[in-house]
Amino acid sequence: MYSEEQLYAIALRECNLIGDINFHKLVRAFGNAKEAWNNAKKNYSKIDGIGRKAVSDIGNPEHLKFAEKELKFCEKNTIKINLRHQQQLPRLLNECDDAPAILYQKGNFDDSKQKVSIVGTRNMTAYGKQFINQFFEASQSSDFISISGLALGIDKEVHEQSIHFQIPTTAVLAHGFHTLYPAKNKKLSEKIIETGGALFTEFNSSRKPDRENFIQRNRIVAGLSPSTIVVETAFGGGSISTATFANNYNREVFALPGKITDTHSQGCNHLIFQNKAIAISTIKDLIDLLGFNKAQTHIQDLFQHQEIAVQLTENQELIFRAIVDHPQITLDDLTGKISLSSHKILPVILELELLGKIKSFSGRQFIAI
């Protein structure tokens, strides 16, 4: 059975100009969605940032009729309705200022497990595929949930490898549960639920997979996890938006570096260069940084973990020693301690990250590893 509050929450969220942030203001001011529905038009002036125009569509009976149909649709299709103002969203997502007011769910999501979001291009290469396979092989003994967007390419591979290694996986959709896009992944979506995973969407059954929905979807992919891994992406790829959301939420972002001539590594390399992502040097190091302490450490081929003696250049040695001597030093402080400008230091920082000598944090802080 669904509650009266869920009915009014759906109706309120359907109103023009009532997005997630305005919804949150209204329910915080009036106590719940039903009270906001009944009183917002009369008392909107009491709420900062809410004007007459914003509340003009509240109370429209058509939205209540839609909400009634939506509840029936959810009941027929075994869809759970999570309301943010009733603390029903996953904990990390709920911490985000722009978290969805309503999150529809199919399947199971164990919020007590560790989580990692993994995203990338639809045009996956053999390099990206190998990385994903070896990451899940190495981490299969860890108790975590993988999260991605059910797109073709990297997303699809993440969900499939999770299932193969019996790791629960969660897909976030860019449309309502009345459809499945892309249609090629319909069987995969069913397999995700059958194997103990979940499907999430903030969109009701009237919402199609419109272009703008995918960027909106990406903030949930980032918001659900403490860490996001970008496997492959070009400049301006959709995964860049996921990384940006994760950075804005103060979550860690990791990126798989590649050749500068490889189109689908250029976005990852740029994230690393801009200190918006930590370079992945080995899978073992990545798993350690994610906190998957029980993970297997047998990694093969391209992603082997081994100590390699590296002869640093003069500038690399100068910067590395400064970071060793001053853990978590900022870029500004680094320029003050050595006779190099920041635009000359940053390329060397990237080189040292690729060599596995240092790690960068948000705020352009660095430590030696």
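1. Basis of the note. In this predicted model, local features need pLDDT of at least 70 and side-chain atom pairs count only at pLDDT 80 or more, while totals for chains, interfaces and linings use all residues. Residues are numbered from 1 along each chain as its sequence is written, and side-chain values use heavy atoms, with hydrogens and water left out. Helices (H or I, at least four residues) and strands (E, at least two) are DSSP runs, numbered from the N terminus.

2. The sheet. An open sheet of 9 strands runs in the order β1-β2-β6-β5-β4-β3-β7-β8-β9, with mixed pairing; two strands pair if DSSP finds at least two bridges between them. At the edges stand β1 (80–83) and β9 (278–279), each of which pairs on one side only. In general, the strands of a sheet pair through backbone hydrogen bonds, either parallel or antiparallel.

3. Strand β4 (residues 144–148) is paired with strand β5 (residues 169–172) in the parallel sense, over 3 bridges. Within this region, I147 stands opposite T170 in β5.

4. Helices on the sheet. Helix α13 (residues 283–290) packs on the sheet, where it touches β3 (114–119), β7 (227–230) and β8 (252–255); contact means heavy atoms within 4.5 Å. The direction of α13 makes about 170° with that of β8. Axes are lines fitted to C-alpha atoms, for helices over the stretch in contact, and angles run from 0 to 180 degrees between N-to-C directions. Helix α9 (residues 186–194) lies across β2 (102–107), β5 and β6 (198–201), and runs at about 115° to β6.

5. Helices α2 and α3. The axes of helix α2 (residues 20–30) and helix α3 (residues 33–43) cross at roughly 95° and come within 9 Å. The two helices α2 and α3 are therefore roughly perpendicular to each other; angles under 35 degrees count as roughly parallel, over 145 as roughly antiparallel, 65 to 115 as roughly perpendicular and the rest as oblique. On the α2 side, F23, L26, V27 and F30 meet A33, E35, A36, N39, A40 and N43 in α3. By class, this contact of α2 with α3 has 7 nonpolar, 2 polar and 1 charged residues. Ala, Val, Leu, Ile, Met, Phe, Trp, Tyr, Cys and Pro count as nonpolar, Asp, Glu, Lys and Arg as charged, and the others, Gly among them, as polar.

6. Helices α1 and α3. Helix α1 (residues 4–14) packs with α3 at an angle of about 50°, the axes being 7 Å apart. Helices α1 and α3 are therefore oblique to each other. E4, E5, Y8, A9, A11 and L12 in α1 meet A33, K34, A36 and W37 in α3. The contact of α1 with α3 has 7 nonpolar, no polar and 3 charged residues.

7. Residue L64. L64 has its place in helix α5. Leaving out residues up to four places away in sequence, L64 touches L7, Y8, A11 and W37. L64 and S45 are 19 residues apart in sequence and 24 Å apart in space, C-alpha to C-alpha.

8. The second largest pocket. A volume of about 430 Å³ is found for the second largest pocket. Of the 21 residues lining this pocket, R122, N218, G237, G238 and S239 are the closest to its centre. Helices α10 (211–223) and α11 (238–248) each supply at least two residues of the lining, and the largest share, 6 residues, comes from α10. By class, the lining has 6 nonpolar, 11 polar and 4 charged residues. On a 1 Å grid over the protein atoms alone, a pocket is an open set of points where a 1.4 Å probe fits, with protein on both sides within 12 Å along at least five of seven lines, and lining residues have an atom within 4 Å of a point. Grid points are joined across faces, edges and corners, and a volume is the space filled by probe spheres set on the points.

9. Backbone details in loops. The peptide bond from Y181 to P182 is cis, with omega near -5°, and P182 lies in the loop between β5 and α9. T78, in the loop between α5 (61–76) and β1, has a positive phi of about 50° although it is not a glycine.
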